[in-house]
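Hello,

Here is the structure I said I would pass on.

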Amino acid sequence: MLSVSNVSMRYGAKILFDEVSVAFTAGKRYGLTGPNGSGKSTFMKLLSGELEPQKGTVVRPRKLGVLSQDQFAFDAYTAIDTVIMGNKRLWAAMQERDGIYAKHDMTDEDGMKLGELEGIVGEEDGYTAESDAAILLDGLDIPEEVHSRKMSELQGGQKVRVLLAQALFGHPQALLLDEPTNNLDLDSIHWLQGFLNVYDGVVIAISHDRHFLNSICTHIADIDYETIITYTGSYDEMVLAKTQVRSQVESQNAQREKKIAQLNEFIARFSAGTRSSQVQSRRKEVERLQVTELAKSNIARPYIKFEQKRPSGKHLLEIEHLSKAYGDKTVIRDFTASITRGERIALMGRNGAGKTTLVNSLLANSPTTPEAELRKTSGYDGPFVDSGKVIWGHEASIGYFAQDHRSLIEGGTTVLEWLHQWNPAAVGEEIRGLLGQMLFQRDEATKSTNVLSGGEAARLLFCKLMLQKPNVLVLDEPTNHLDLEAINALNISLQRYQGTVFLVSHDHDLIDEVATRIWHFESDHKLTDFKGTYEEYQAAVVV
């Protein structure tokens, strides 16, 4: 059992949650939801013991699996050892045991201690620890040759997957997963969904991936209205139930307010007359009909609307025998495709397969993307195309959202000034309106670009794209740093957009609901070009 009782947390005048009591039970999987800044990560830290509550108590099981957010904490250890360290009791016993075996002369006391330690290793399945850890790493697409490498030698995405395996290792009674799908490709996300759906302990997961939450959750613990309310069912079912409850309370309040107004009118008219008993009765009725006080929701929904200044030509792009390699590593081999106006293409495949490489190859030959911008976001100074041709059609105007989008926003200026440069003809109120649509407060227009968070930088780039009004959108991992409300707004805006879209994403729902064509990077450097939706692509692959 994992539970909190009468827990409160506030920062200054801002209340995250007040007098909250929630119990999380074995065999159930909870999505912890709420907008950015609502207190999800704070609550997760309370559950793990990293933070102590300002008020109240937390009860934890003996074995707790926690997804570490510090990618550098285990740089001195191999990947396999990092996973095994997820079982703290086993790791401590193995380290102490190995220290005793390393002694030249062992005492009788050492021998007795060894027996005790071997007992712990046996209880914790230590004799199969390496093979169990390897199975987890394989499932998360960490190949065997990487298992013995130091964490310091691994790429960021690989480190995240090793840390995820660490949290899952050792059969913990409860799993606390803060953004477990970050930096995972769709195959790894699907593997994780399957693992969690048969896991028999408590799962509490924070995620901005709606499909992931709908796939794994039996319950949703939603942080809003300065409390945590638990709903039965998936994320979509929670949204519906929450809306219905709120509407019901608001409707009841409206009826009560109308009734109270009628009673108060009677009291005002007859309080000085002969109908004192009736007046007194109505005063008691007013006291009984107290309106349910509604705390303000902290959910804020951005409004994204992509438009075109003018449409492109019908034949937007021709790719002829495109190839690209880095040294001996081939990434794209002899790829040919023809793209017409209005198509929405999702680029899919394992991490490192070549999706961003293809994006850079297309943009390097585009009429509106400066090469310096590509160099800055990619950190690459070589040719973006080794052989073949990329030919953009008439009137193509490209809007680009880079995976490393933060590097595209220069420091030393304000949000308003940075945005204004992309359309000097736009008046200040138009730009402030765009910023307001993307949830920037009015005084944040003068905020320095040096101190923007990841989410703020992403929202500012969407403002730029809305201001530029291109007829082609090239979006490389646009949902990073966005909360669920912003991702849903992006999803809707891309479905309504009349231009052409190239989308790199691991968000299942975004791909499923937006894409009309799939470019899938296979393991043999082959690039499959499938004209149809993601659902149709999956059906064709199964067949």
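His171 sits in the loop that runs between helix H6 (156-168) and strand S6 (174-178); helices here are DSSP runs of H or I with at least four residues, strands are runs of E with at least two, and both are numbered from the N terminus. The phi angle of His171 is near 50°, a positive value in a residue other than glycine. His171 is also exposed, at a relative accessible area of 59% (exposed means over 50%, buried under 20% and partly exposed in between, with a 1.4 Å probe and protein chains only).

Glu179 also has a positive phi, near 55°, and is likewise a residue other than glycine. Its place is the loop between S6 and helix H7 (186-198). Is Glu179 buried or exposed? Glu179 is buried, because its relative accessible area is 14%.

Before I go on, a word on conventions. This is a predicted model, where local features need pLDDT of at least 70 and side-chain atom pairs count only at pLDDT 80 or more, while totals for chains, interfaces and linings use all residues. Residues are numbered from 1 along each chain as its sequence is written, and side-chain values use heavy atoms, with hydrogens and water left out.

Now the chain as a whole. It has 18 helices and 18 strands, and its C-alpha atoms fill a box of roughly 100 × 85 × 55 Å along the principal axes. Of its 543 residues, 49% count as buried. Taking contacts with a separation of 6 or more, 68% come from residues 24 or more positions apart, where contact means heavy atoms within 4.5 Å. The chain exposes about 25800 Å², with carbon and sulfur atoms supplying 48% of that area (Shrake-Rupley method, 1.4 Å probe).

On charges, there are 58 positive and 74 negative ones, and their mean positions are 10 Å apart. Lys and Arg count as positive and Asp and Glu as negative, with His and the chain ends not counted; each charge is placed at NZ of Lys, CZ of Arg, CG of Asp or CD of Glu.

The structure holds one cavity of 30 Å³ or more, and the largest cavity has a volume of about 40 Å³. A cavity is a set of points on a 1 Å grid over the protein atoms alone where a 1.4 Å probe fits but cannot get out, and lining residues have an atom within 4 Å of a point. Points are joined across faces, edges and corners, and the volume is the space filled by probe spheres set on them. Which residues line the largest cavity? They are His208, Arg210, Leu484, Ile487, Asn488, Asn491, Asp507, Asp509 and Leu510. Helix H16 (484-496) and helix H17 (508-514) are the elements that give two or more residues to this lining, and H16 provides the largest share, four residues.

Ser3, in strand S1 (residues 2-11), counts as buried because its relative accessibility is 15%. Leaving out residues up to four places away in sequence, Ser3 touches Val22, Ala23, Thr57, Val58 and Val59.

Ala92 lies in helix H3 (residues 88-101) and is partly exposed, at 43% relative accessibility. Ala92 and Leu117 are 25 residues apart in sequence and 9.3 Å apart in space, C-alpha to C-alpha.

Asp524 belongs to the loop between strand S17 (517-521) and strand S18 (527-530). With a relative accessible area of 44%, Asp524 is partly exposed. From Asp524 to Met85 there are 439 residues in sequence and 34 Å in space, C-alpha to C-alpha.

Best wishes

Notes:
1 Å grid on protein atoms, 1.4 Å probe; cavity = no way out; pocket = protein on both sides within 12 Å on 5 of 7 lines; lining within 4 Å.
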